[in-house]
Amino acid sequence: MAEDVRARMGEVEREILARSPEHDLVPTIERISEVCGLLGDPQKAFRAVHVTGTNGKTSTTRLAERLMREHGLRTGRFTSPHLVDIRERIAIDGRPLPAGRFVATYDDVAPYVDLVDQRSLLAGRPRMTFFELLVAMAYAAFADAPVEVAAVEVGMGGSWDATNVLDAQVGVVMPVALDHQRFLGHDLASIAREKAGIIKPGSVAVLADQPPEAAAVLLRRCAEVGATPLREGVEFGVTAREIAVGGQMLSLTGRRRYDDVFLPLYGEHQARNAACAVAAVEALLGVDGQGLDPDVVRVALADVDSPGRLEVVRGGPTVLVDAAHNPAGAAVLADAVRESFSFTRLVGIVGILADKDAEGILGALEPLLDEVVVTRSSSPRSIDPDELAEIAVEVFGDDRVDIAQRIDDAIDVAIGRAEEGGLVGGGVLATGSVTVAADVRRRLVRR
């Protein structure tokens with residue numbers, strides 16, 4: 001990266017990060033709608049798969065984009081949050097925007113954002129958030145490329161999420177669980193109601209297997225707006241699955257059957273994410289009720305990755321990172337680790353954000369982990385390690401809990417515990433928040 005571009009990229013990133021963070025929001029799409037209108041509604045320039053849900057959004061978005069790209073289409077992809085580099089969030093043809101293109105997109109969008117900011121402040125309302133600005137940049141970059149199709153991940157909820165200025169032809173709702181209750185509601189039906197907002201009139205709604213109270217809300221929304229529901233386990237799903245070296249072999253069904261599909265991701269949940277992605281792309285690209293070319297599906301899914309999702313970042317001992325940050329995600333993670341790996345001892349590195357259910361997350365991990373090292377990530381929202389240790393001791397017992405104030409120290413302690421006494425076959429799992437997965441991943445890749 002040229003020095004002047006690098007310097008300007010740093011300035012742009014600081015300007016973006018100076019705005020209210022994505023977890024500190026006002027539930028409205030009014031400001032992003034204004035900006036997109038001023039930009040000429042770039043979100044109308046491409047067809048889209050729009051993905052919401054509590055867990056599995058990022059992986060499913062990446063899977064859907066890869067499938068569409070293998071069909072020879074120019075693709076856009078928007079995901080959040082990022083692990084290492086803010087440019088990860090906006091990708092064209094599977095690659096993050098180059099720094100020069102990212103800066104140019106920001107410079108194109110910034111005058112319109114400033115105008116909407118001024119109007120909002122005059123009305124006694126806040127400026128656009130960090131997340132709203134990135135959504136505007138993504139849609140502008142996609143229209144400018146131009147892309148033909150895009151896979152877009154919701155930030156939070158659905159109805160009032162900034163991405164929802166999009167009128168996607170296909171809406172995907174991954175499993176709904178309790179998370180972000182302060183914004184979304186305190187029961188599954190309320191949360192599902194918010195997420196159902198991405199299901200648009202006349203669209204296709206791909207519905208992952210849901211708790212009954214969430215399923216009822218989603219199907220009611222489909223009936224109200226004339227959307228066609230496709231339900232996991234009814235219209236599509238995983239019909240066979242075997243563990244394989246480096247992933248799993250699948251048989252999937254949708255409009256047709258797809259056998260001998262290798263997926264280089266671990267866990268039953270990733271197989272189900274793949275089934276949802278295939279169903280979504282069938283709905284978007286299929287003609288006259290036909291499915292996709294099975295060979296195209298095989299090539300695409302064999303080439304996917306999902307950084308920070310049960311990802312192996314070191315061997316000897318094996319270190320895994322996973323972005324699970326709520327009890328439902330931690331439970332799914334535990335099942336996937338048991339199924340896919342055989343450790344003689346597994347030590348956890350766990351850091352959790354203050355607005356999350358720490359006891360629930362630790363409780364889901366307790367049967368899996370022999371010991372846990374609690375720490376803090378780079379996020380200012382991290383629970384203090386001493387406070388988290390008090391919760392961990394209640395769950396694990398005093399003799400299975402260590403404290404490390406810094407991630408670097410937590411890595412060293414956990415690796416030492418995994419190899420203690422010359423033990424062979426020990427492992428380390430870093431999880432509890434996206435930032436813990438990102439911090440450990442960054443440090444070990446650098447090492």
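Student: Which atoms must lie within 4 Å of each other in a salt bridge?
Tutor: The term is needed before this predicted model is read. Side chains of opposite charge can pair when their charged atoms come close. A salt bridge here is a pair within 4 Å, formed by a side-chain nitrogen of Lys or Arg and a carboxyl oxygen of Asp or Glu.

Student: What is the N to O distance in the salt bridge of aspartate 108 and arginine 101?
Tutor: Aspartate 108 is partly exposed, at 46% relative accessibility. Arginine 101, with a relative accessible area of 34%, is partly exposed as well. Their side chains meet in a salt bridge, and the N to O distance is 3.9 Å.

Student: How many salt bridges does the structure hold?
Tutor: The pair of aspartate 108 and arginine 101 is one example. Arg8, Glu11, Glu15 and Asp107 are linked in a network of such bridges. For the structure, the number of salt bridges is 37.

Student: Is glutamate 65 buried or exposed?
Tutor: Glutamate 65 and arginine 69 both belong to helix H3 (residues 57-70), where they are four residues apart, about one turn of the helix. Their side chains form a salt bridge of 2.7 Å, N to O. Arginine 69 has a relative accessible area of 25% and is partly exposed. The limit for a buried residue is under 20%, and glutamate 65 has 0% relative accessibility, so glutamate 65 is buried.

Student: Which residue in S11 is the bridge partner of glutamine 248?
Tutor: Strand S10 (residues 247-253) pairs with S11 in the antiparallel sense, over five bridges. In one of the pairings between residues, glutamine 248 has as its partner in S11 leucine 263.

Student: With which residue does aspartate 259 form a salt bridge?
Tutor: Aspartate 259 is partly exposed, with 26% relative accessibility. The closest N and O atoms of the pair are 2.7 Å apart, and the partner is arginine 257.

Student: Which residue in the hairpin of S12 and S13 takes a positive phi?
Tutor: Strand S12 (residues 311-314) and strand S13 (residues 318-321) pair in the antiparallel sense over three bridges. Valine 312 has leucine 320 as its bridge partner in S13. Three residues lie between the strands of the hairpin, and the residue with a positive phi, near 70°, is glycine 316.

Student: Do S13 and S17 run parallel or antiparallel?
Tutor: Strand S17 covers residues 426-431. Threonine 318 has glycine 427 as its bridge partner in S17. Four bridges join S13 to S17, and the direction of the two strands is parallel.

Student: What distance separates the C-alpha atoms of proline 21 and glutamate 235?
Tutor: Proline 21 is in the loop between helix H1 (3-17) and helix H2 (30-38). Proline 21 is partly exposed, at 32% relative accessibility. Along the chain, proline 21 and glutamate 235 are 214 residues apart, and the distance between their C-alpha atoms is 39 Å.

Note on methods:
Residues numbered from 1 in each chain as written. Predicted model: local features only at pLDDT ≥ 70, side-chain atom pairs only at ≥ 80, totals over all residues. Heavy atoms only, no water. Pairing = 2+ DSSP bridges. Buried < 20%, exposed > 50% of the residue type's maximum accessible area, 1.4 Å probe, protein only.
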